[in-house]
Structures are given as structure tokens and as C-alpha cells.
Amino acid sequence: MAIKTTKKAETKAEPEAAAPKAAKAAPKAAAAKDDAKAEGKDAPKDAAKGKKVAAPKSGDKPNALQKPLQPTPELAAIVGDSPIPRGEVVSKVWDYIRTHSLQNPENKREILADDKLKKVFGKDKATMFEMNKYLAQHLK
């Protein structure tokens, strides 16, 4: 016995109604992706992250990280005795820590102070988060 199968009529009203909306949105999304690829970015989200910060103008006052500060004699033994911006002080202290291998090998966030750093930190050990607090006490 042969069984006859019949195809049911498919309604195309719903898919057609949704198709124009999707068709309108698709070119905008595709254009945004093409623009992002042309700029060397992977997705349109990255375009917002790539904002550039305006460089300070010559007449503007320096911000807190750019203002030269005088280190105390204890800190000057590590970074030098001339006025220096806070950001460079932190960089020079980290260079000193790395060159003298003062990070705890088991916990890299911990700094094992030598004689010079003990004078700045006031104790034998300090975490990298505490370091900025101690450095701020030695900058005027």
C-alpha cells in the first residue's frame, strides 16, 4: 500500500513582514563592520575604546602625575635628588626593585625591602599596593 502525503500550504505572510526590517538593519551593521575593519579594528565596540586623549597644551598647568615633586633624602637615594614627577618616581622605584631582585619569588605582589627601601617603607615587607602610600609620604 502506498501512502499519499500532501504538502500543507505554508504561509509566507509572517516571514515577509519580518524580512524588510532585517534587511534595513543589516546594511547599517555591515557598514559599521566594514568601517571598523578599514580602521584596523575587529568590531564596532573597539571604536569607542580607541579614543585619544588630548595632549596638554603648553599653557596648561601640569596635573598631579606630571608636577615635579622634591623627594626626601631617603627616597632620593633611590630615584635621585632633583624634583621629579610622581609617575617617574614610581617607574624608577620599580626599576630599582627589579634590578635588585626585591620581589618575593613566591608572591610577586610583595616587595622585600633592602636597607634603602626600609627607610622609605618603614618596614621589611610591603605590597605593591602599599608602595604608593609610602612613596607619597616621601614626596613634597
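In what order do the elements of the protein run from the N terminus on? They run α-α-β-α-β-α-β-α-β-α, which gives six helices and four strands. Here helices (H or I, at least four residues) and strands (E, at least two) are DSSP runs, numbered from the N terminus. This is a predicted model, in which local features need pLDDT of at least 70 and side-chain atom pairs count only at pLDDT 80 or more, while totals for chains, interfaces and linings use all residues. Residues are numbered from 1 along each chain as its sequence is written, and side-chain values use heavy atoms, with hydrogens and water left out.

**Overall picture**

- Of the 140 residues in the protein, 21% are buried; buried means under 20% relative accessible area, exposed over 50%, and partly exposed in between, with a 1.4 Å probe and protein chains only.
- The protein exposes about 11,200 Å², and carbon and sulfur atoms supply 55% of that area. Accessible areas come from the Shrake-Rupley method with a 1.4 Å probe, and for residues only the protein chains shown count as cover.
- Looking at contacts (heavy atoms within 4.5 Å), 27% of those between residues at least 6 apart in sequence join residues at least 24 apart.

**The nonpolar core**

- The largest nonpolar core has 21 residues, and V93, L117 and F121 have the most contacts inside it. Such a core is a set of buried Ala, Val, Leu, Ile, Met, Phe, Trp, Tyr and Cys residues joined through side-chain atoms within 4.5 Å.
- Helix 3, helix 4, helix 5 and helix 6 each supply at least two residues of this core, and helix 4 gives the most, with five residues.
- Setting aside residues up to four places away in sequence, L117 touches I78, Y96, I97, L102, I111 and G122.

- V89 sits in helix 4 (residues 86-99) and is buried, at 0% relative accessibility.
- Beyond its neighbours within four places in sequence, V89 is in contact with L75, V79, I84, L135 and L139.
- V89 and P68 are 21 residues apart along the chain, and their C-alpha atoms are separated by 9.8 Å.
- V120 belongs to helix 5 and also counts as buried, at 2% relative accessibility.
- Not counting residues up to four places away in sequence, V120 touches E74, L75, I78, Y134, L135 and H138.

- Which residues of helix 6 (residues 128-137) are buried? They are M131, Y134 and L135.
- These residues lie on the same side of helix 6, because they cover an arc of only 100° around the axis; the arc is that of the directions from the helix axis to the C-beta atoms.
- On the other side of helix 6, F129 and Q137 are exposed.
- The packing partners of the buried residues of helix 6 are helix 3 (73-79), helix 4, strand 3 (110-112), helix 5 (115-121) and strand 4 (125-127).

**Salt bridges**

- Side chains of opposite charge can pair when their charged atoms come close.
- A search of the whole structure finds two salt bridges, each defined as a side-chain nitrogen of Lys or Arg within 4 Å of a carboxyl oxygen of Asp or Glu.
- One joins D124 and K118, whose closest N and O atoms are 3.4 Å apart. D124 is partly exposed at 49% relative accessibility, and K118 is partly exposed at 34%.
- The other joins the side chains of E130 and K123, at 3.5 Å from N to O. E130 is partly exposed at 25% relative accessibility, and K123 is partly exposed at 33%.

**Two loop residues**

- Is T72 buried or exposed? T72 is buried, with a relative accessible area of 9%, and is found in the loop between strand 1 (68-69) and helix 3.
- The side chain of T72 makes a polar contact with the side chain of H138 at 2.8 Å. A polar contact is a pair of N or O atoms within 3.5 Å; within protein, one must be able to donate a hydrogen and the other to accept it, and residues adjacent in sequence count only if both atoms are side-chain atoms.
- Leaving out residues up to four places away in sequence, T72 touches H138 and K140.
- S101 lies in the loop between helix 4 and strand 3 and is exposed, with a relative accessible area of 60%.
- S101 has a positive phi of about 50°, although it is not a glycine.
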